[in-house]
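Q: I would like to learn how to read a structure like this one. Could we take its features one at a time?

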Amino acid sequence: MNIVILLGAPGSGKGTIAGRLAAEDASMKHVSSGDLLRGAVAKGTEAGVEAKGFMDRGELVPDALIARMIKDVIAETQGDVTMLLDGFPRNVAQAEILAATGAPIRSVVLVDVPDAVIADRIAGRRTCPNCKAGYHVKALPPKVEGVCDRCGAALVIRKDDNPETVKDRLVVYHRETEPLIAYYEGKGLLRRIDGNQGPERNAAAFKAAM
Ligand code: AMP
């Protein structure tokens, strides 16, 4: 098992890229910390109950809470698998926790998208609550409006995708997560791609960079 970290702001397209690569290559596994947390919230687990308020406010959940979930996924992922880690780590403390697991990090790819583009992207974002596929009303619409192409479930707008919370999430990104760029650059692991090329070319650029 080896790990490729997707770094980038909320709405930069990390989930779309990882979802595409995992769908076309069985040796790749998409692990989204946000999806793990939303799953826990939906199930009403103890972790989910603790996480919900932070998520609704666009804040980071406590490091220990999300780290426990990620460590469990790492422990259960064996064999010749590349884990596409989307949304974790979100700060330097989490990066240190990940390093301490000893799981080999192959590369860290920064999906670069200007803040001005992010708001528009998130405003049109639709998500499948069942299979987690992501859509955009203009850039990546489903075949039938409001219905997931992959599994037929009704698409939803994430609660934290409202304009106010998105602003807060971007502030958190710049303050907490952006320092990881220098952190991983210092370790010689960082690559960058332009995340503003459209879903297909973004995924191809990512694959070439990782
Ligand atoms: P995402 O789906 O990656 O945009 O994450 C949605 C929300 O889940 C974030 O705004 C945070 O509240 C929480 N979250 C996801 N990943 C992490 C993480 N690594 N550390 C702390 N909170 C996280």
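A: Start with a salt bridge, that is, a side-chain nitrogen of Lys or Arg within 4 Å of a carboxyl oxygen of Asp or Glu. Glu24 and Lys207 are joined by one through their side chains, at 3.4 Å from N to O. This pair brings together distant parts of the chain, 183 residues apart: Glu24 belongs to helix H1 (residues 14-24) and Lys207 to helix H9 (residues 199-209). Helices (H or I, at least four residues) and strands (E, at least two) are DSSP runs, numbered from the N terminus. The model is predicted, so local features need pLDDT of at least 70 and side-chain atom pairs count only at pLDDT 80 or more, while totals for chains, interfaces and linings use all residues. Residues are numbered from 1 along each chain as its sequence is written, and side-chain values use heavy atoms, with hydrogens and water left out.

Q: How many salt bridges does the rule give?

A: The count is 12. Another of them pairs Asp56 with Lys52, whose closest N and O atoms are 2.7 Å apart. Both residues sit in helix H3 (residues 46-57), 4 residues apart, which is about one turn of the helix. Asp56 has 27% relative accessibility and so is partly exposed; Lys52, with 36%, is also partly exposed.

Q: Which residue does Glu59 meet in a salt bridge?

A: The partner of Glu59 is Arg57, at 3.1 Å from N to O. Glu59 is partly exposed at 37%, and Arg57 is partly exposed at 44%. Elsewhere, salt bridges with shared partners link Arg125, Arg158, Asp160, Asp161 and Arg169 into one network.

Q: With which side chain does the side chain of Thr82 make a polar contact?

A: A polar contact is a pair of N or O atoms within 3.5 Å; within protein, one must be able to donate a hydrogen and the other to accept it, and residues adjacent in sequence count only if both atoms are side-chain atoms. For the side chain of Thr82, the partner is the side chain of Asn2, at 3.4 Å.

Q: How many residues surround the ligand?

A: A residue is near a molecule or strand if one of its heavy atoms lies within 4 Å of it. The ligand has 16 residues around it, the closest being Ser33, Arg38, Glu59, Gly87 and Gln94. Helix H2 (residues 33-43) contributes the most to this shell, with 4 residues.

Q: What is the make-up of the shell around the ligand?

A: Ala, Val, Leu, Ile, Met, Phe, Trp, Tyr, Cys and Pro count as nonpolar, Asp, Glu, Lys and Arg as charged, and the others, Gly among them, as polar. The shell has 6 nonpolar, 4 polar and 6 charged residues. A side-chain N or O atom of Arg38 is 3.0 Å from an oxygen atom of the ligand.

Key: Buried means under 20% relative accessible area, exposed over 50%, partly exposed in between (1.4 Å probe, protein chains only).
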